[in-house]
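Subject: Structure handover

Hello,

The structure is placed below, and my notes on it follow. Please read them with the model open.

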Amino acid sequence: MAKFFSVTIIVIAILSAIPILRHTWVAPEDISTHGHLIDEQMSETMAEAGIAFLAAQFVLAVFIWQFSNRAPDAKIKRFPGGATGLVIAAFLVVGIEVLALGVFGVKAWADQYLTPPSANAMPIQVQAGQFAFYFRYPGPDGTFGPTHPELINESQQNFFGLDLDHDPDSKDDIVTAEMAIPVNKEIHLLMHSKDVGHSFFVRELRVQQDFVPGLDVSLHFTATKIGKYEIVCTQLCGLGHYNMKAYLEVMSQSDYDDWLKKEAALQ
Amino acid sequence: MHDIAAHAVQHHAPPTSFIRKHVFSLDHKVIGKQYYALALVAAICGMFLSWLMRIHLGWNNTAIPGLQLLSKTGAPGGVMTPEYYLQLMTMHGTIMVFFVLTTAPFAAFGNFFLPIQVGAEDMPFPRFNMMSFWVTFVAFLVLMSSFIFGDGPTLGGWTQYAPLNAVGSVGGPGQGLGVILWMVSIALFCIGQLLGSLNFITTTLDLRAKGMSLMRLPMTAWAWFITSCMGLTAFSVLMPACILVILDHVAGTSFFVSSNEVINDQLQPHSGGSTLLWQHLFWFFGHPEVYIAIVPGIGIVSHILITSMRKQMLSQRVLIYCMGALAVLSYMVYGHHMFVSGMNPYSALAFSFPTLIITIPATIVVLIWTFSLYGSRLRITSASLFALGFISMFVSGGVSGFFLAQPSIDIMLHGTYFVVGHFHMVMAVAAMFGIFAGTYFWFPKMAGRMMNETLGKIHFWLSFVGAYCIFMPFHYLGMAGNVRRYATFVDDYLQPLIPVHRWITVAALITGAAQLIFIYNLIHSRFWGKPAPDNPWEATSLEWSTATPPPWDNFGGKHPVVYHDPYQYGVQSSVGDYVMQTSPEQVKTDHDEK
């Protein structure tokens, strides 16, 4: 029974590691300038966690195999070095390992969250609401018009609560249900929720950020590959949470300019 | 303090009426059994809900026969609506975290065994103790009543994030009355746990038998003591937070709802609240809660392993320090649940490092368990199998914590099934294995009869392999970006992952069915099991030195005197390779011999 248990542990550990080693289920190709830092951090953590996982399960299995169901008069032995050696090993090996992970990981975090967007980053507003994203581009004047929550009316397609009659800055704002951005251009995403908590997650861009009602938060990133990608909500926001999605289209600059003109004409 | 608590002990006479004996009992052992029964009922409910969820996730539009009886609107024709999925998911999480993982290893086993293990007649405040159970019982009824009243239970998840939890019924089904019932239930639960924690702390500090110094307490007693210290501080934060949410619903306050929120084109009548405030309050409770669920398991596993190994751990003292370190650090790491929440990004670093550092005491615990096996005479029983399975699960769930402790990686894994896999393995399955180990180990003392070992081992094998089949793939799904809390997978990139969900569903149904073996074994053994001797495992701590089942005053009018450390195994004594704590016999250890 004990030996079978040892074998089971080892088999489970190896089977668990196979999909990781074969990259069966992984994040899609990174299309951002900062994502490689996250991917590298993930790989390093996977290597260290994987070794710790396999080593711990293997040693457990070996000791169960070796020391179970022994004769009643079998000699009781103490592991050489006792607890002291293990405590020192835990502090030195695991402590240094996790602190190194933490320190090196700061770079990936800082690149996205502790560094402000460059001055020429392109601003886009995204507003999340049950259960859709809407995007706003500032138009030719480069300025977003003010929003008036009391004017929000989805049936009239006034998703942001713009006062087109009185706010000149709002008149040229472009509101869309799809997000388009030019490739290799830094984007400064200004995030606002009109109702409850939501989130903005694009796997390929390596970005995830919650929307916080009452608090405007921002993200900045640069997409490096043309294509169409899914934006999904990861923060439970109500009954339609599963269906809250939009598309991000990364285009060449000229395609983007054409797209923006077309959307402006539809306003 | 000692005098006050000692004076406060109610030297209650043996109960005579059925009601005082079995219902409103002051006896800590009866209260422990009541908590266990409550946890068992709650676990069956929670597992049933998880079956429904898994069937829905595997085969979305399949009608589940009879489900419409639970809710006509939530499951018309037996097909679950997306909102009903979220409602069931919320109830699954709430029931399991609060009424199973907190109730069974801490309140149930702790109530029954802590006073006996320290050598006390009862807890210092038996009426508080009785109240703690009945308040918890009412809390469970209030929670379950949300299936009946209004438009069903809340759909906001067990974390009940603001402002979805505070905007009322405009937020969706169950967000009005359902949320209020949830908050009332959890506030009551907190009161129950606070009363229980108070009793546990005073019992440990003030009612120890003669000779029972703190370092002579068994590992379980230490674990329950540390857990009760956490409970006292964690539940006392969650309870007022729940009350504030109730006020947002019924008194027009805006603690958790900010200004200018628009739902269904209507400007909400709130202003000035903070949605992040709820997350801080909740996770200040929520992360210690993880350790409230798991530290008793660490104690139980240590206690059972030592008995099964027939030798002491490499260092009991270090294990105790590590449990203490886990408890203290658990308050300093809670912000790792909020890396992408919108809080100051510098805070993420401040929460990340303690989260990484908590790996050290957790690693030491695993190393001491594992390397203590070296040179032992390990006895394989259902209890020791579950204890060893706990270690394997604790490792598997623990290493995935490396990822979630780092804010940069959390960008990719937050809100995905990776998190679900992580916390289910380390908190749910490991803690459940601790409960099962404790049940197989202590059942003889609690019920006076032995459980069937063959059935216990079958139960273990199906549960151990099944748990890996369910929860390891969750990690893979998360790495592929599979978002959790989705009722249906409509996104293009999620379609290839649906077969993995179906695999998990089949594994969950089989593993869940295996739990019926445990329930059968429990009930059958209770009535028809082999009568248990006083000390079937040849164990040393005080619960094995009294009669089986223990008399109402635990030691039959005697006052135990303790002569030894709790785990004198691998020795040469008149009874075998162990000496009980209450035995005055001088012992000669043989594990130090060359």
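Helices (H or I, at least four residues) and strands (E, at least two) are DSSP runs, numbered from the N terminus.

On the α13(B) side, the contact is made by B:S382, B:L385, B:F386, B:G389, B:M393 and B:S400. α16(B) contributes B:E453, B:G456, B:K457, B:F460, B:F464, B:A467 and B:H475. Two residues are in contact if their C-beta atoms, placed from the backbone, lie within 7 Å. By class, the residues of this contact divide into 6 nonpolar, 5 polar and 2 charged. Ala, Val, Leu, Ile, Met, Phe, Trp, Tyr, Cys and Pro count as nonpolar, Asp, Glu, Lys and Arg as charged, and the others, Gly among them, as polar.

This is a predicted model: local features need pLDDT of at least 70, side-chain atom pairs count only at pLDDT 80 or more, and totals for chains, interfaces and linings use all residues. Residues are numbered from 1 along each chain as its sequence is written, while chains are lettered from A and ligands numbered from 1 in the order in which they are written.

Between the chains, the contact takes 92 residues from chain B and 89 residues from chain A. Elements of chain B that each supply at least two residues to its side include α5 (82–118), α9 (275–309), α13 (382–404) and α16 (453–479). The chain B side has 54 nonpolar, 28 polar and 10 charged residues.

Chain A is divided into domain 1 (2–69 + 81–114) and domain 2 (122–266), with bounds from an automatic or database domain assignment. The C-alpha centres of these domains of chain A lie 38 Å apart. In chain A, 10 residues of domain 1 are in contact with 11 residues of domain 2. The domain 1 side of that contact has 4 nonpolar, 4 polar and 2 charged residues.

The 32 residues of α8(B) (residues 219–250) should span 46 Å at 1.5 Å a residue, and the end C-alpha atoms are 46 Å apart, which agrees. The expected span is 1.5 Å times one less than the number of residues. α8(B) has a kink of about 25 degrees centred on B:G231, the bend being the angle between axes fitted to the seven residues ending there and the seven starting there. In chain A, the 33 residues of α2 (residues 35–67) should span 48 Å, and the end C-alpha atoms are 47 Å apart, which agrees.

Some backbone points remain. Most residues other than glycine have a negative phi, and most peptide bonds are trans. B:N264 has a positive phi of about 50 degrees although it is not a glycine. Just after α2(A), A:N69 also takes a positive phi of about 50 degrees. A cis peptide bond joins B:A162 and B:P163, with omega about 0 degrees.

Regards
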